[in-house]
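User: I'd like to learn how to read strands, cores and cavities in a model. Could you walk me through an example?

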Amino acid sequence: MQESQLLNSPDVSIVIPVFNEDESLPELEQAIADALNPTFSYEVIFVDDGSSDDSWKVITSLSEQKEMVRGIRFHHNYGKSVALQAGFEASKGKYVVTMDADLQDDPKEVPEMIKLLEHDGYDLVSGWKKERHDPISKTIPSKFFNFVTRKVAGIDLHDFNCGLKAYRAEVVENIYLYGELHRYIPMLAKREGYSRIVEKVVKHHPRKYGKTKFGFSRFMNGFLDLVTITFVQRYLQK
């Protein structure tokens, strides 16, 4: 694993898992800068999860140009949960925001999400892509997944799998991600006592570059992790 430049104690750390998204990264970094400057000091942590394109080259170039950009590189593809965990461990901000690298999440949503944490006292703000721009092969399984997870978790969220979320730093410091657990962060947070969770409708853009990484195997692995979490949680409550 390689890591680029450091920045001390920003207001916000933005953690972005990257897998073959070289075309979108400069545009995403600029959109984040436009959304957060000058209100917040921030860092952007791109976690390259074993990309085979020029993603790491682009991340390195951005980090050389801008001190708030950092990069972590895996030489193999470990999955989104591992990438997020690495970003969480490297983050230095009072608040941590996650988003996808494909430009479908809108950085303009971030200031309002931070406001919900800072002024309204929430621990976690989860985005809800109420109007989605995804193929039906992704939206139908997602609706079923969210329905089941909502019932099991006892948390009234419509979109557990939305990549755009905001947290108090102590929340991500007290959870650990592996497998497909990134889908269940609200459950993990609630288990650790961070139950002040709210949902915010967020804008979802059509994919501009590349293709979706969603697959049936990830969908099934996600449900296996849900079974595991549920079993462990019930065991701990005994």
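**Reading a strand, its cores and a cavity**

Analyst: Gladly! Ser126 has its place in strand β6, and the model is a predicted one.

User: Is Ser126 buried or exposed, and why?

Analyst: Ser126 counts as buried because its relative accessibility is 0%, and the cut-off for buried is under 20%. Beyond its neighbours within four places in sequence, Ser126 is in contact with Leu157, Asp159, Leu164, Lys165, Val198, Glu199 and Lys200.

User: Which way do the residues of β6 point?

Analyst: The general idea first: side chains in a regular strand alternate between the two faces of the sheet. In this case, Leu124, Ser126 and Trp128 point one way from β6, while Val125 and Gly127 point the other way.

User: Why is β6 described as largely enclosed by the rest of the structure?

Analyst: Five of the five residues of β6 (residues 124-128) are buried, so the strand is largely enclosed by the rest of the structure.

User: Which strands pair with β6, and in what sense?

Analyst: Strand β7 (residues 165-168) runs antiparallel to β6, and three bridges join them. Strand β8 (residues 197-201) pairs with β6 in the parallel sense, over five bridges.

User: Now the cores. How many residues does the largest nonpolar core have?

Analyst: In soluble globular proteins, nonpolar side chains tend to be buried together. Here the largest nonpolar core has 34 residues, and Ile16, Ile32, Phe46, Val97 and Met99 have the most contacts inside it. The elements giving two or more residues to this core are β2 (12-18), α1 (25-36), β3 (42-49), α2 (55-65), β5 (95-98) and α4 (110-118). Another core, of 28 residues, lies apart from it, with Ile45, Phe160, Leu177 and Tyr184 among its members.

User: What is Ile32 in contact with?

Analyst: Leaving aside neighbours within four places in sequence, Ile32 is in contact with Ile14, Ile16, Tyr42, Val44, Met99 and Pro107.

User: And how many cavities of 30 Å³ or more are there?

Analyst: A search of the whole structure finds two. The largest cavity holds about 90 Å³ of space. Its lining has 14 residues, and Lys80, Leu84, Cys162, Gly163 and His182 are the closest to its centre. Helix α3 (80-90) and strand β7 are the elements that give two or more residues to this lining.

User: How do the lining residues divide by type?

Analyst: The lining of the largest cavity divides into seven nonpolar, four polar and three charged residues.

How values were computed
Residues numbered from 1 in each chain as written. Predicted model: local features only at pLDDT ≥ 70, side-chain atom pairs only at ≥ 80, totals over all residues. Heavy atoms only, no water. Buried < 20%, exposed > 50% of the residue type's maximum accessible area, 1.4 Å probe, protein only. Helix = DSSP H or I, 4+ residues; strand = E, 2+ residues; numbered from the N terminus. Pairing = 2+ DSSP bridges. Core = buried A, V, L, I, M, F, W, Y, C linked by side-chain atoms within 4.5 Å. Contact = heavy atoms within 4.5 Å. 1 Å grid on protein atoms, 1.4 Å probe; cavity = no way out; pocket = protein on both sides within 12 Å on 5 of 7 lines; lining within 4 Å. Points joined across faces, edges and corners; volume = space filled by probe spheres on them. Nonpolar A, V, L, I, M, F, W, Y, C, P; charged D, E, K, R; others polar.
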